Amino acid sequence: MPNMSMKKVPMPSQDPAARIRNFDEVAEGYTLEMAVEEAGRCIGCKNQPCVQGCPVGVRIPEFIACVQKGDIPAAYEIIKSTNALPAVCGRVCPQENQCEKKCTRGIKGEPVAIGRLERFVADYMRETEGEQPEKKPAPIPKNGHKAAVIGAGPAGLTCAGELARKGYDVTVFEAFHTAGGVLMYGIPEFRLPKDVVRHEIKALEDMGVKIMTDMVMGKVLSVDELFEMGYESVFIGSGAGLPNFMGIPGENLVGVFSANEFLTRVNLMKAYRNDYDTPMMGLKRVAVVGGGNVTMDAARCARRFGAEVYIVYRRTEAEMPARLEEIHHAKEEGVEIIPLAQVTEIHGDEAGRVTGITCQRMQLGEPDASGRRRPVPVEGDTLSLDVDAVIMAIGNSPNRLLSDTTEGLATNAKGCIQADEETMETSRPGVFAGGDAVTGAATVILAMGAGKKAAAAMDAYMQKK
């Protein structure tokens, strides 16, 4: 019998009072019984609106039907046929704005928990790996063509996996000492465990994808040199790692961080541990400026250092672009949101260290280009906060290193590489680009969708050659 409950099966999670003292994953995942029960809520619509909402086209009703029957290996094979990183997507995709937004069950009640089910399937397969019947994948015959991918983040890894599946000899060049991009340096352990990311990357390496780390492309090698080395096409998925600042007084004080620096130190350099070389201790009162998922990640990390944390956002909470789940978790953990406020100045002491901020109170006016109502100042109404650190989480731009060293590669005013929306082709023949390097900071799944489109177009391009 189908499960016609109006509500999703709840996801077990760590108690807020316990989790603010650790970096363990907050959401604990479904059991097999929970997953089968939730899968029973799917009514298997013929027109599959959920699939239309997925940037990588996961065959959602098909995999959920397998979960209903308890055939998790079959569900996994269906997901993997279109999604190279299911354990990642199940955790960090904004499903409420994509697949679940289109779910028919969501018309009367809550949509099917597609993200939780995808996560369950990937986790189940990883955790029972030793118990699964050994099934060696058939080796993929090589087609004799070489492709290069710059950046081992979600866009680059997806593109590389798709090309490897088609028989290409693929090498990924990554600037950091570890692959994963924002999955490793940006999203905290309590939201996306790094072992999960490493496992997904190993699956790509097992398919034959070669990953070279510590390769700052544009410095170590240029795009032109890659073509000279025999690579027939190049995908640029180098992300948006250049933080934005506000240009206000006091931004150069000690204790002002970009969210990029703060999260990289937490995630890659384990700054929350005393036994590592670069601990970040002593934070007592922290202001995080912004309203997106990165803001929530930075605020929740600072909370785990024992600090009082304030999110300062110039619109109301309803306009925040962060996922509802992230906002909910942040508030459960004791983060205070100060809406309709814009930081205008950061204050410091004689030693040049942050001591506080001044904010201008705002109100919402007419809608701007984003469709959200524009914040406008309330004259004469200000707010002061005593803080010892300020984290700027107001977006990132692409680093211009590659565009500056690649002749004929067109960019826009923000430094984003210009690429065709469907083929991801750039102005330079044989060069394709996607993800945050093209869009500016966006979501993991949109970057993956771009990597997938680019791989199809690169395949067509190389086959014509």
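**Close-up 1. Asp214 in a loop of the predicted model.** Asp214 sits in the loop that runs between strand 3 (210–212) and helix 11 (223–228). The structure shown here and in the other views is a predicted model. The phi angle of Asp214 is near 55°, a positive value in a residue other than glycine. Most residues other than glycine have a negative phi. Is Asp214 buried, exposed or partly exposed? Asp214 counts as partly exposed, because its relative accessibility is 49%.

**Close-up 2. Leu340 between two strands.** Leu340 belongs to the loop between strand 9 (336–338) and strand 10 (341–348). Phi is positive here, near 50°, and Leu340 is a residue other than glycine.

**Close-up 3. Helix 2 against helix 4.** Two packed helices are described by the angle between their axes and the distance between the axes. The axes of helix 2 (residues 32–39) and helix 4 (residues 60–68) come within 8 Å and cross at roughly 125°. The two helices, helix 2 and helix 4, are therefore oblique to each other. Their crossing, helix 2 with helix 4, is left-handed. Which residues of helix 2 and helix 4 meet? On helix 2 they are Ala35, Val36 and Ala39, and on helix 4 they are Ile64, Val67 and Gln68. Sorted by class, the residues of this contact are 5 nonpolar, 1 polar and no charged.

**Close-up 4. Helix 4 against helix 5.** Helix 4 also packs on helix 5 (residues 72–80), with axes that come within 8 Å and cross at roughly 170°. Helix 4 and helix 5 are therefore roughly antiparallel to each other; an angle over 145 degrees is the condition for that word. Glu62, Phe63, Cys66 and Val67 from helix 4 meet Ile72, Ala74, Ala75, Ile78 and Ile79 from helix 5. The contact of helix 4 with helix 5 divides into 8 nonpolar residues, no polar and 1 charged.

**Close-up 5. Phe63 and the largest nonpolar core.** In soluble globular proteins, nonpolar side chains tend to be buried together. The largest nonpolar core of this model has 77 residues, and Ile60 and Phe63 are those with the most contacts inside it. Helix 17 (residues 444–464) gives the most to this core, with 10 residues. Leaving aside neighbours within four places in sequence, Phe63 is in contact with Val58, Ala75, Ile78, Ile79, Ile114, Leu117, Glu118 and Val121. Another core, of 32 residues, lies apart from the largest one; among its residues are Leu263, Leu283, Val286 and Ala393.

**Close-up 6. Helix 13 beside helix 14.** The axes of helix 13 (residues 293–304) and helix 14 (residues 324–332) come within 10 Å and cross at roughly 25°. Helix 13 and helix 14 are therefore roughly parallel to each other. The crossing of helix 13 and helix 14 is left-handed. Asn293, Met296, Asp297 and Arg300 of helix 13 meet Glu326, Ile327, His329 and Ala330 of helix 14. By class, the residues of this contact are 3 nonpolar, 2 polar and 3 charged.

Close-up 7. Gly144 is placed in the loop between helix 7 (114–127) and strand 1 (146–150). Gly144 is exposed, with a relative accessible area of 66%. How many Å separate the C-alpha atoms of Gly144 and Ala259? They are separated by 43 Å, and Gly144 and Ala259 are 115 residues apart along the chain.

Note on methods
Residues are numbered from 1 along each chain as its sequence is written. This is a predicted model: local features need pLDDT of at least 70, side-chain atom pairs count only at pLDDT 80 or more; totals for chains, interfaces and linings use all residues. Side-chain values use heavy atoms; hydrogens and water are left out. Axes are lines fitted to C-alpha atoms, for helices over the stretch in contact, and angles run from 0 to 180 degrees between N-to-C directions. Helices (H or I, at least four residues) and strands (E, at least two) are DSSP runs, numbered from the N terminus. Angles under 35 degrees count as roughly parallel, over 145 as roughly antiparallel, 65 to 115 as roughly perpendicular and the rest as oblique. A crossing is left-handed if the near helix is turned anticlockwise from the far one by less than a right angle, and right-handed if clockwise. Contact means heavy atoms within 4.5 Å. Ala, Val, Leu, Ile, Met, Phe, Trp, Tyr, Cys and Pro count as nonpolar, Asp, Glu, Lys and Arg as charged, and the others, Gly among them, as polar. Buried means under 20% relative accessible area, exposed over 50%, partly exposed in between (1.4 Å probe, protein chains only). A nonpolar core is a set of buried Ala, Val, Leu, Ile, Met, Phe, Trp, Tyr and Cys residues joined through side-chain atoms within 4.5 Å.
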